[in-house]
Amino acid sequence: QGERAVAITDHGTCLKHYEFYKVATANGIKPILGCEFYCGEEDSKEYFHLIVLAKDNTGLKNMYNLMYLAHKNFYRKPRVRYCDLEKHKEGLIVLSACLGSETARAFKAGRIDEAINTMKFFKRTFGEDYYLEIQPNSIALQKDYNLFLERAYKELEIEPVITVDSHYINKDDYEKHDTLLCIQTKKKKTDDDRFKFPSNDFYIKEEHEVRSE
């Protein structure tokens, strides 16, 4: 697609960083190393998604420190505590993440003040290295949430960033990805209660597609 840089943000792991770095640099693409952390207190069943990117070597070291601590705090998922995030924040860029974020879940539940306070916490902690993440996809809640974020970033003076929630490469990879999800979750495609993506637009979109949405 002619991209000059691309990021990797696997869920709860940095294990693919080295391979990703080698392939990207070999093809003249700037690799941005990151992770979609599971954040939450170690004794709570609830956890939230948060995108963390390393902007320099210090940030990369802090990301790996956080990943180590996350696995020490493993409870259902390798979770990063907010106190550890504050302690190891140097060199990190944070994005507000997808509908699995704390802000989005508060918005979905109608707890708008809580969503705003969460944004304010990350702004206090990371300053200009905290961004509100707007994603173009066909989920109805996502569209409403995007409108909420557009209002919020103007009021709170937090810069927005547009990202694509990509879980497979091409649009026609949807069925293959859905099959892999069934294998992973030990479900059949005919099961009504299984985890699945609601549409086939979670692929790596080109710039013109993102702009059109």
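What follows is a conversation about a predicted model of one protein chain.

Guide: In this predicted model, local features need pLDDT of at least 70 and side-chain atom pairs count only at pLDDT 80 or more, while totals for chains, interfaces and linings use all residues. Residues are numbered from 1 along each chain as its sequence is written, and side-chain values use heavy atoms, with hydrogens and water left out.

Visitor: How do you know that the radius of gyration of the protein chain agrees with that of a compact globule?

Guide: The rule, taken over C-alpha atoms, is 2.2 Å times the number of residues to the power 0.38; because a compact globule of 213 residues would then have a radius near 17 Å, and the protein chain has 17 Å, the two agree.

Visitor: What makes a residue of the protein chain count as buried, and what percentage do so?

Guide: Buried means under 20% relative accessible area, exposed over 50%, and partly exposed in between, with a 1.4 Å probe and protein chains only; by that test 44% of the 213 residues are buried.

Visitor: Why is a set of residues called a nonpolar core?

Guide: The name applies because its members are buried Ala, Val, Leu, Ile, Met, Phe, Trp, Tyr and Cys residues joined through side-chain atoms within 4.5 Å. The largest such core has 39 residues, and Phe37, Met63 and Phe122 are among those with the most contacts inside it. Helix H5 (residues 112–126) gives the most to this core, with 6 residues, a helix being a DSSP run (H or I) of at least four residues, numbered from the N terminus.

Visitor: Which residues are in contact with Phe122, leaving aside its neighbours within four places in sequence?

Guide: Contact means heavy atoms within 4.5 Å, and on that basis Phe122 touches Leu50, Tyr82, Leu85, Val94, Gly127 and Tyr130.

Terms used. Helices (H or I, at least four residues) and strands (E, at least two) are DSSP runs, numbered from the N terminus.
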